[in-house]
Amino acid sequence: MDTVKYTLSESQMPTAWYNISADLPSPIPPVLNPGTGQPISPDDLAPLFPEELIKQEVSRDRFIEIPEEVHSIYCQWRPTPLYRARRLEKALDTPAKIYYKYEGVSPTGSHKPNTSVPQAYYNQKEGVKRLITETGAGQWGSSLAFAGALFGLDVEVYMVKISYEQKPYRRAMMETFGARVIASPSERTDAGRKILQENPDNLGSLGIAIGEAVEVAAQNEDAKYALGSVLNHVLLHQTIIGQEALTQLEQAGDYPDILVGCTGGGSNFAGIAFPFMGAKVRGEKSSIKFIAVEPAACPSLTKGKYTYDFGDSAHLTPLVKMHTLGNSFVPEGIHSGGLRYHGMAPLLSHLLELGLIEARAEKQLDCFAAGTTFARTEGILPAPEANHAVKGAIDEALRCKEEGVSKTILFNLCGHGHFDMQAYMDYQAGLLRDTEYSAAEVAMALAGLPVVG
Ligand SMILES: *Cc1c(COP(=O)(O)O)cnc(C)c1O
């Protein structure tokens, strides 16, 4: 029988996260204090994050040990399976070998608990009582709510208003886990009140919700802020995905030529890619091609500017150098809620600048078509975000067919789409539209960027 599933035992699960900062050809540009234009110190971040996470944010150690408590919680769903997509290969009639790592087996159905659990752990250990965060479609909010429940933390989630109204199921999930969910913009914060004064009907954005969450966390002694993507420590926690995949492919006697992932803030892509990228930049393996796939409606890597910007619309965060569409840019309401962020992880932005990864923007309808092909062959219904990775992998497999070469493709299936059935219903009913990003709006948002000397 041809093997389709590669599993690892708990004892084969990695005991440390991989930190790519140890192996970068050049370091990422420093994070700046917007007031002084000078690099921030770890102390500047102390109101927002626990000490251990700040240490991880700036660490140059190649491996950072996974705490015992976190490791044993990971064991509830990790190691996650690696599949060979044999039926998809057959349907595409491609000589390529397609593997996918499946993160949808976590309690909340995506890769996000890989970081929500350690974040809750370090906060609780340092005496924090409340975690404040934002969420778009609800994937991150439900993952942090889950982790908060495990560690007895109070979790408060600012949820982008349009999703709060249109996506009640993830909100119900957060509330079941014991979290408090607030529609953003809200009357609870200066940032929210200011926006509502200008426009009471504002439906919110991730940039606005981040501003509200940061404000609340900074003003409350017992509270800290938690972010589900973008930051170095979040990408670090996700590297367990790629490290497991390395071992599983070893089992399969294979190694990828092409690695594909979708990018919102960059964490799941980094999670699967960085352990392989490390081998490449250390000169151990060289041939692999890394492809990041983003939505055409929010194309930060392919159309954004590599420059210093705020992480939020209220300008409360430090300045980070990243590919950005401008912190005031609000992307069209596409169904891949998890990919609608104006910026991109500084580490991924840096790697794109160095030419170590390539980026593509794909339209929503093409991604749903790819996801439907995947569901009909592999039997797993991907999250709309994950459909971008599926689309990238299928395109590469079809290119192999055209060129008559057998390459090995690995992609990250970062989550299932069981809470996104409205999107699939709309797609099937022909109601989904392709929305291009608005070049004029991006130009306007970029014109408002901070000037750094
Ligand atoms: C949040 C989310 C994303 C986007 O975030 P990244 O940090 O880019 O990974 C992608 N897919 C799913 C399923 C998500 O929940």
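**Ligand and cysteines**

Guide: The ligand sits in the largest cavity. A cavity is a set of points on a 1 Å grid over the protein atoms alone where a 1.4 Å probe fits but cannot get out; a molecule sits in it if more than half of its atoms lie within 2 Å of its grid points. This is a predicted model, in which local features need pLDDT of at least 70, side-chain atom pairs count only at pLDDT 80 or more, and totals for chains, interfaces and linings use all residues. Residues are numbered from 1 along each chain as its sequence is written, and side-chain values use heavy atoms, with hydrogens and water left out.

Visitor: Which residues come nearest to the ligand?

Guide: Of the 17 residues around the ligand, those are Lys112, Ser229, Gly264, Ser267 and Asn268. "Near" requires a heavy atom within 4 Å.

Visitor: Which backbone atoms lie by an oxygen atom of the ligand?

Guide: A polar contact is a pair of N or O atoms within 3.5 Å. A backbone N or O atom of Gly264 is 2.7 Å from a ligand oxygen; for Gly265 the distance is 3.0 Å, and for a polar backbone atom of Gly266, 2.8 Å.

Visitor: How many disulfides does a search find?

Guide: A disulfide is a covalent bond between the sulfur atoms of two cysteines, counted here when the pair is within 2.5 Å. The whole structure has zero. The sulfur nearest to that of Cys262 belongs to Cys414, 3.7 Å away.

Visitor: Is Cys262 buried or exposed?

Guide: Buried (under 20% relative accessible area, 1.4 Å probe, protein chains only): Cys262 has 1%, and Cys414, also buried, has 4%.

Definitions and conventions. Buried means under 20% relative accessible area, exposed over 50%, partly exposed in between (1.4 Å probe, protein chains only). A polar contact is a pair of N or O atoms within 3.5 Å; within protein, one must be able to donate a hydrogen and the other to accept it, and residues adjacent in sequence count only if both atoms are side-chain atoms. On a 1 Å grid over the protein atoms alone, a cavity is a set of points where a 1.4 Å probe fits but cannot get out, and a pocket is an open set with protein on both sides within 12 Å along at least five of seven lines; lining residues have an atom within 4 Å of a point.
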